[in-house]
Amino acid sequence: MENSKKSTFGDLVNRREKLLAPIFSQDWPNLPVVRAEGLYLYGLDGKRYMDFMAAFGAVNVGHNHPAVLAAAREQMEKQVHGAVGVTLHESVLRLAETLPEILPGALDMFFFGNSGAEAVEGCIKLARNVTGRPGIIAFTGGFHGRTYGAASLTASKASYRLGLEPFLSSVYHVPYADPYHSSHPDDPSQCTLEALHSLQTVLDRLVAPSQVAAMIVEPIQGEGGYVVPPKEFLQGLREICTRHGILLIFDEVQSGFGRTGEWFAAQVFDVVPDIMAIAKGIASGFPLGAVCAKAELMSRWTPTVHGTTFGGNPVSCAAALATIDTIRNEGLLDKAKKNGEYLLGRVKELKSKYKVIGDVRGVGLMIGMELIVPGTDREPNSTASKNVLNEALSRGMLMYPCGMRSQVIRLAPPLNVTRDQIDQGLAILDESLATV
Ligand SMILES: Cc1ncc(COP(=O)(O)O)c(C=O)c1O
């Protein structure tokens, strides 16, 4: 009886509300899932759902990819855990040897943790420790995670910061170059100029560049609304950082591992950061994250000021190696590029059909569709977004919102989604938009 209760989730809503923090239980949609494979989540209700958010980009090769499972299983038989530094295992070294093949620049030394937020924490600790400077510049719309350091940098929604002050000190937020929300939506160079001008004002009036350890930026914003900045903005940041000895940190936790059709968004924009935070898609669902830097920088990080028990877990590292192999073997960068262009084009067609769509943007399979109140000046339409998401879910397609008022719907399926599956998703999206 007890077992059957567990296997059917029993009285799901009551159990969830009694047992899980509201952070979980009041999230949307709390879809009861019994199995996952490839693009699909198999629900307790017997229905099959297309996962068009790929667990926030954590399963870029799809759910339960056989190669990833096999590698993890093989490693589990040998050793599940070993605290790196106390013991040493082969998979963490092999992963550290492989990552430079796919990372931008010559980032070739790593600290491994368990999550995106942990990777971000490591990046800012590294930057402050090696520069001896306190200041950190972050950007409005940026999301970097939920631990205190990462939350101090996060400025994608005020509600993510509610009741948490005081935050880490010496963090300065400046505007991101967000074309659609700028005063010049059709003029990316003006949008770039204004954002860089605001940054310069902060460096002139608030914090001298000599006091700034790092700038941390998502090269494409995720939670903030799938915002693609003009290339010149990121190149401008690179130039300012180089000029002042400020370390440029790219948070590629969401945009990494093929999501954009390149291994990392840095390669889309041709900008090389000094430090990178990576996680999510790295190990196809096994917990892993990393701080990446050049050896000459990383080797100056004082050993005692950071550490981990689980970071660089052998099973997660084996899963990461299999994930990288899978992306290579299945040509997923190319597929993400081609299918991304197709999907972007088709969603843009929907924009001419539905006035509720204000903007469609994206790179590779990281596509955002922003919903607005028709007839207004880009007023966010979170009601429409909620309705479209619910309608799509009832038709078997899971998507998830982002943006300041959750008015942006992200289209981010696993990279091995097929053209047929994309067409099925588009048909559901079309029907769901028709209902609002
Ligand atoms: C860009 C970015 N950085 C950091 C994080 C935090 O990652 P995690 O939830 O693994 O701590 C996220 C999560 O959404 C993210 O999108």
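Predicted model: local features only at pLDDT ≥ 70, side-chain atom pairs only at ≥ 80, totals over all residues.

Me: Are Cys191 and Cys241 buried or exposed?

Reply: Buried means under 20% relative accessible area. Cys191 has 4% relative accessibility, so Cys191 counts as buried. Cys241 has a relative accessible area of 0%, so Cys241 is buried too.

Me: Cys241 is in helix 10. How do I read a helix?

Reply: Begin with its length. Helix 10 covers residues 231–244, which is 14 residues. At 1.5 Å a residue, that should span 20 Å. The end C-alpha atoms are 21 Å apart, which agrees.

Me: Which residues of helix 10 are buried?

Reply: First the general idea. An α-helix has 3.6 residues a turn, so residues three or four places apart point the same way. Now the case. Phe233, Leu234, Gly236, Leu237, Arg238, Ile240 and Cys241 are buried in helix 10.

Me: What covers the buried residues of helix 10?

Reply: The cover includes strand 5, helix 9 (188–205), strand 7 (212–217), strand 8 (247–251) and helix 11 (265–269). Look just past the helix as well. There, Gly245 has a positive phi of about 65°.

Me: Which residues other than glycine have a positive phi?

Reply: Phi of Phe56 is near 60°. Phe56 sits in helix 4, residues 54–57. With 29% relative accessibility, Phe56 counts as partly exposed. Phi of Tyr226 is near 50°. Tyr226 lies in the loop between strand 7 and helix 10. Its relative accessible area is 2%, so Tyr226 is buried.

Me: Strand 5 was part of that cover. How do I read the faces of a strand?

Reply: In a regular strand the side chains alternate between the two faces of the sheet. In strand 5, Gly135, Ile137 and Phe139 are on one side. Ile136 and Ala138 are on the other. Both faces are covered. Five of the five residues of strand 5 are buried.

Me: Which strands does strand 5 pair with?

Reply: Strand 6 and strand 7. Strand 5 (residues 135–139) and strand 6 (residues 171–174) run parallel, over four bridges. Phe139 has Val174 as its bridge partner in strand 6. Three bridges join strand 5 to strand 7, also in parallel. Ile136 stands opposite Val171 in strand 6, and its bridge partner in strand 7 is Ala214.

Me: What unit do strand 5, helix 8 and strand 6 make?

Reply: A right-handed β-α-β unit. Helix 8 spans residues 148–153. In the loop between helix 8 and strand 6 you will find Pro166. A cis peptide bond joins Glu165 and Pro166, with omega about 5°. Another cis peptide bond runs from Trp28 to Pro29, with omega near 0°. Pro29 is in the loop between helix 3 (22–25) and strand 1 (33–37).

Me: How do I read a sheet that is open?

Reply: Four strands form an open sheet in the order 11-12-15-14, with antiparallel pairing. Strand 11 (357–363) and strand 14 (400–402) stand at the edges. Each has a single partner strand, so one side of each is left without a neighbour in the sheet. Neighbouring strands are turned by 30° against each other on average, direction ignored.

Me: How many bridges pair strand 11 with strand 12?

Reply: Six, in the antiparallel sense. Now look for the helix. Helix 14 (residues 332–353) lies across strand 11, strand 12 and strand 15 (408–411), at about 175° to strand 11.

Me: Where does Gly403 lie?

Reply: In the loop between strand 14 and strand 15. Gly403 has 2% relative accessibility, so Gly403 counts as buried. Leaving out residues up to four places away in sequence, Gly403 touches Lys157, Glu223, Gly224, Gly225 and Val408.

Note on methods. Residues numbered from 1 in each chain as written. Heavy atoms only, no water. Pairing = 2+ DSSP bridges. Helix = DSSP H or I, 4+ residues; strand = E, 2+ residues; numbered from the N terminus. Axes fitted to C-alpha atoms, helices over the stretch in contact; angles between N-to-C directions. Contact = heavy atoms within 4.5 Å. Right-handed = clockwise from strand over helix to strand, strands pointing away. Expected span 1.5 Å × (residues − 1). Buried < 20%, exposed > 50% of the residue type's maximum accessible area, 1.4 Å probe, protein only.
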